[in-house]
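Dear colleague,

I am passing on the structure below, with the sequence, so that you can look at it alongside my notes. The notes follow directly after it.

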Amino acid sequence: MQEKCSCVKEPTGTIPIVRIIDKIDAMFEKDDTQGVKRVLEYWEKEAKALNDTRGLLEILSEEIGLYRKIGEIENGLRAVDEALAILTCQGSCSSVADATIYLNCATTMKAFGKAEEALPYYEKAKETYERLLQKDDYRLAGLNNNYATALCDLKRFDESEKCYEKAIEILREKGGYGELAVSYVNLAHLTYDRAVAEDKECDDRVDELLDKAMECLDDVALTRDGNYAFICSKCASAYEYFGRFLDKEELVRRAEEIYKNNGKQV
């Protein structure tokens, strides 16, 4: 990715980032991604007009995640380029906030077919997270989950599996996270991809991992909110891929019911 310095040394104002995040979080609860897009693109322009570099960086990070979610490759990679330019201009990755943006950039690059290019940014995030966070911090689980997907794409299966296992260990010990299901589903995909590469059987292991993911999603302690709905939608495609259509339909039903109750327009 190109990284042209775009730092502004004398900001003249700031955008209301906390209020903006609250607004788009409410929209995500309704799965109103187009509404989120309009809000973010408006405030991106405002941040640039105000020379609010930090605010712009936060908006770009939100856009990066959104464009990844809705599959807008050109917009996503453009936002990644701009965010990386600002981060590079700032110098070292010295805060958890900056590391999270590096991780977001790397994950979107990977999602859009640039796994190899994404690796240095995963490493930047990893170094800072491991230095500044407690070993059981939820954010380390997110890092390991996302890093593992890139390693799997590059057929570095053993390294990928270790990352998934680290994520699962953290999430299981902390409890109450639907993202544990995502870890199991991703590990099922890795198991399958490695078995295909090695011409081995893996059906029993894949089913075991998918069963564990479903057990996690059935946990009554999990809050049935927009995030849970997103996780159900994300996992549903995996159950369809592996031919477990009843599980897929149930997860889609759960997601649709939550979004409907949250006021999604249909």
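Arginine 194 counts as buried because its relative accessibility is 14%, where buried means under 20% relative accessible area, exposed over 50% and partly exposed in between (1.4 Å probe, protein chains only). Its side chain meets that of glutamate 161 in a salt bridge, at 3.0 Å from N to O, the term standing for a side-chain nitrogen of Lys or Arg within 4 Å of a carboxyl oxygen of Asp or Glu. This pair links distant parts of the chain, since arginine 194 belongs to helix H9 and glutamate 161 to helix H8, 33 residues apart; helices here are DSSP runs (H or I, at least four residues), numbered from the N terminus.

Please keep in mind that this is a predicted model, in which local features need pLDDT of at least 70 and side-chain atom pairs count only at pLDDT 80 or more, while totals for chains, interfaces and linings use all residues. Residues are numbered from 1 along each chain as its sequence is written, and side-chain values use heavy atoms, with hydrogens and water left out.

A search of the whole structure finds 27 salt bridges. One of them joins glutamate 82 to arginine 78 at 3.2 Å, N to O, and the two are separated by about one helical turn because they stand four residues apart in helix H4 (residues 73–90). Glutamate 82 is partly exposed, with a relative accessible area of 23%, and arginine 78 is likewise partly exposed, at 25%. In helix H3, glutamate 58 and arginine 54 are also four residues apart, about one turn of the helix, and they form a salt bridge whose closest N and O atoms are 3.3 Å apart.

Asparagine 51, in the loop between helix H2 (33–50) and helix H3 (53–70), has a positive phi of about 60° although it is not a glycine. Lysine 155, in the loop between helix H7 (138–153) and helix H8 (157–174), has a positive phi of about 65°, and its relative accessible area of 58% makes lysine 155 exposed.

Finally, Asp199, Glu201, Asp203 and Asp204 form a negative surface patch, a patch being made of residues with over 30% relative accessible area and no salt bridge, with like charges joined within 9 Å and nonpolar side chains (Val, Leu, Ile, Met, Phe, Trp, Tyr) within 5 Å. Glutamate 201 lies in the loop between helix H9 (179–198) and helix H10 (203–217).

Best regards

How values were computed:
Accessible areas come from the Shrake-Rupley method with a 1.4 Å probe; for residues, only the protein chains shown count as cover. Lys and Arg count as positive and Asp and Glu as negative; His and the chain ends are not counted. The place of a charge is taken as NZ of Lys, CZ of Arg, CG of Asp or CD of Glu.
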